[in-house]
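Visitor: I have a model open on my screen and would like to learn how to read it. Could you walk me through a few features?

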Amino acid sequence: MSRALGISLPAPLRHFFSLFPLYTHPEIESPDKARPLTSPTLWIHVPWSPDADVLSSDVECLKWQAYLALRGLSDIAVRWDIAVDGALDARLPNLHVLLKTLPGASDEVKAQDDGEGELLPAHLIPEWVDGQVGALDELEGYVDEAARDESRAWVALLEGNVHAALVLNQPSPSSLLSLLSPYQHKARPLEAVLPHPPAPLFGISSLLPPYGTHVDVDAIELQYRDAIASLSERLGTDKWFLGSSSPTALDALVFAYLHCILHSKDHTLRFEVTRRVNLVAWERRVQSQVRSGFRLVPVLPSS
Amino acid sequence: MSKANLSPLLGHRTVNLHIWPSHGHLLSFDASSVAALLYLQLTIPGQFSISYCANPDLSPSGQLPFLMHGLHHVSGFGSIVSYVRKLANANNLDIGLNSVQAAQLTARVAHVESAYGDLINHMLYSLQENWSAVTRPALVSMLPVPQCYYVPSRIRSSYKHRLEAAELWHVPEVEDELEEPSRVLGRKKKRAQPDNEPHKFKSALEREKVVEKVRALFDVYDRLLYDAPFFTGAERPTTLDVIFAAHTYVLTSIQFPDPLVVSVLKETYPRLVAHCDAVFSSALPDRSLLPAVVQKSWTSSLRYMLPWPRTPAPRRASLSMSGSPEANKIEWRYKLWRWGFFGASVLAAAAYLHFATIIVLIPQGSNGVPAGLPPAELVGRVEDGDDGEEE
């Protein structure tokens with residue numbers, strides 16, 4: 001090509017460049033090798049008891065786990081050894097799928113699958129699930145249009161009032177090591193969850209730049225109690241929320257929040273839910289169904 | 001006139017509602033403030049008073065609207081509703097609903113507050129034209145001199161987290177200004193066509209997304225309203241009607257230079273606009289029915305510039321769980337340990353002082369110091385001796 005262009009490196013330079021590289025280091029053997037993907041794997045936060053459980057301790061991850069299980073998928077592997085910074089957008093959960101299961105992939109792409117797979121962020125999971133088990137109709141599994149509209153309101157209630165109470169009662173890192181560690185799990189800040197922005201710590205008109213939040217704890221706890229009371233009232237003795245005949249996305253969300261509340265360290269949060277027998281019984285029943293859809297990825301010994 | 005209407009049942013304590021001041025002919029600049037005002041007007045008409053307050057720092061929780069009743073204070077629409085509901089002579093707006101409908105109402109109120117509130121905040125604080133032409137001048141007119149320079153931009157940035165999470169924050173980090181065509185020797189220099197296409201495409205896409213969100217929300221409530229004057233077919237407005245109408249009122253009453261959401265509302269959902277009018281005519285047929293406004297003046301706006309940490313409210317003060325025996329036992333143990341620690345430290349200090357003087361006194365005594373010396377001088381010499389020994 002250089003001949004065709006009429007330009008070529010002068011001989012002394014070519015001789016000089018051929019001296020490099022001076023020394024090539026030998027290949028470093030790393031114990032971390034990516035294993036070829038055999039089944040869809042969900043990357044989540046670590047569960048409360050890693051030996052005994054596959055359900056994550058984070059509400060977002062648990063919500064998607066419940067969604068996958070309740071849509072009817074099974075035999076999905078789970079792993080929690082990935083740090084948060086390694087996920088797409090630094091937000092877990094992510095779903096690692098085989099190329100041949102991607103709904104939008106062309107046939108050539110599916111043919112050259114070498115086990116690497118494709119990593120999907122959380123908002124693309126419903127599309128993938130539709131490709132696996134068939135798309136939902138317009139009613140999204142609810143009884144009628146009114147129930148679907150009502151489900152939007154329940155989603156807003158859970159992601160607002162209940163989530164705010166959970167965030168407020170998150171256990172703060174206790175040991176010095178966890179404070180210094182760079183891999184911290186930053187949950188969604190409280191300002192993004194509350195509908196009205198909380199006041200800064202020193203007041204909005206002070207000379208200091210706005211820092212911190214002055215949270216109205218009483219208001220949040222009052223709204224949380226109202227939310228749980230109305231949730232229990234609406235469930236009544238139904239099998240699935242809003243009287244649906246099969247589980248819906250709202251059921252996955254409610255299950256995720258109830259499970260996290262029941263495992264939180266705060267007495268007041270837990271007590272509100274344990275007082276309501278129908279919620280506890282419902283959560284227990286759904287728990288076994290959700291757990292059956294997942295299995296742990298066995299950790300291979302490093303060679 | 002407002003005092004004459006106050007019911008004797010409330011006694012000397014009156015319910016005082018503090019809201020954002022009015023702007024133009026709007027009742028108040030903030031949707032939750034309007035909603036709280038309407039709610040009070042429907043439940044305890046004539047038994048409350050209004051104060052216009054543009055300083056959120058006056059509120060115990062830092063947020064407006066807030067309500068003071070004697071020594072009680074509550075802030076935020078949800079808490080105000082729960083508090084007023086429990087007052088003795090308040091009308092119950094949701095009396096016609098059974099328990100399932102009341103549960104649905106709670107969820108729907110939360111949905112309206114979060115989704116509709118986000119859209120209104122987007123209109124007021126995120127769209128640049130609205131911010132510079134409507135919101136910022138309004139806030140500046142409400143605030144006194146030092147605060148009007150820096151508080152509006154702080155208020156705007158406080159909405160950033162929430163709107164970013166909802167993908168409704170379209171404020172560019174650096175504001176690009178159109179370049180003036182440069183003049184060279186009196187003639188306008190031709191400049192290359194600015195590359196505006198990607199910007200225009202991106203902002204058009206963003207506006208489309210906002211319109212989709214607006215339609216999704218309004219479709220839900222349009223279907224819920226159907227043909228009835230109020231939601232859930234009730235005869236009188238319920239809490240859901242109050243909060244929805246308050247948001248619609250704020251949207252339709254302000255003249256926005258960039259009417260993104262308002263145009264969708266007025267063109268496609270006339271029933272929702274009619275619903276807002278119906279709620280207002282039911283609650284406030286006549287503006288003069290509102291109690292007279294107590295205008296609070298900023299006595300010393302400089303005082304609020306001093307940073308003073310807000311004392312966080314005691315976490316378990318108002319909870320009924322504080323009576324549980326387990327919690328009491330734990331608290332008692334902690335109290336025991338705490339006072340034990342203080343007592344032991346005081347005892348140890350006293351014992352040290354006592355024994356240190358005695359221990360060093362004894363060798364001094366054997367050196368032949370006369371026993372008749374007053375103890376103060378003895379102690380003084382002992383102290384010097386002590387220092388010498390330590391060195």
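Guide: We will take sheets, a hairpin, cavities, domains and record annotations in turn.

Guide: This is a predicted model, so local features need pLDDT of at least 70, side-chain atom pairs count only at pLDDT 80 or more, and totals for chains, interfaces and linings use all residues. Residues are numbered from 1 along each chain as its sequence is written, chains are lettered from A and ligands numbered from 1 in the order in which they are written, and side-chain values use heavy atoms, with hydrogens and water left out.

Visitor: What is the order of the strands in the open sheet of chain A?

Guide: Strands of a sheet pair through backbone hydrogen bonds, either parallel or antiparallel. Here the order is E4-E3-E1-E2-E5, an open sheet of 5 strands with mixed pairing. Strands are DSSP runs (E, at least two residues), as are helices (H or I, at least four), both numbered from the N terminus; two strands pair if DSSP finds at least two bridges between them.

Visitor: Which strands of chain A stand at the edges?

Guide: Strand E4 (118-120) and strand E5 (294-296) of chain A do; each has a single partner strand, so one side of each is left without a neighbour in the sheet. From one strand to the next, the twist averages 30° (axes are lines fitted to C-alpha atoms, for helices over the stretch in contact, with angles from 0 to 180 degrees between N-to-C directions). For one pair, look at E1 (residues 41-43) and E3 (residues 94-97) of chain A, which run antiparallel and share 3 bridges; A:Trp43 has A:Asn94 as its bridge partner.

Visitor: How many residues lie between E3(B) and E4(B) in their hairpin?

Guide: There are 2, and B:Gly70 in the turn has a positive phi of about 65°. E3 (residues 66-69) and E4 (residues 72-75) of chain B are antiparallel, with 4 bridges, and B:His69 is partnered by B:His72.

Visitor: How many cavities of 30 Å³ or more does the structure hold?

Guide: Rolling a probe the size of a water molecule over the atoms shows where empty space is left. The structure holds 6 such cavities. A cavity is a set of points, on a 1 Å grid over the protein atoms alone, where a 1.4 Å probe fits but cannot get out, and lining residues have an atom within 4 Å of a point. Points are joined across faces, edges and corners, and a volume is the space filled by probe spheres set on them.

Visitor: Which residues are closest to the centre of the largest cavity?

Guide: The largest cavity has a volume of about 520 Å³. Of its 33 lining residues, A:Pro197, B:Trp20, B:Asp30, B:Leu64 and B:Tyr159 are closest to the centre. H4(B) gives the most to this lining, with 6 residues. By class, the lining has 21 nonpolar, 9 polar and 3 charged residues (Ala, Val, Leu, Ile, Met, Phe, Trp, Tyr, Cys and Pro count as nonpolar, Asp, Glu, Lys and Arg as charged, and the others, Gly among them, as polar).

Visitor: What is the volume of the second largest cavity?

Guide: About 240 Å³. Its 18 lining residues include A:Leu194, A:His196, A:Ala219, A:Gln223 and B:Gln63, the closest to its centre.

Visitor: How is chain B divided into domains?

Guide: Chain B has domain 1 (8-173 + 198-305), domain 2 (324-358) and domain 3 (360-391), with bounds from an automatic or database domain assignment. The centres of domain 1 and domain 2 of chain B, taken over C-alpha atoms, are 53 Å apart.

Terms used: 1 Å grid on protein atoms, 1.4 Å probe; cavity = no way out; pocket = protein on both sides within 12 Å on 5 of 7 lines; lining within 4 Å.
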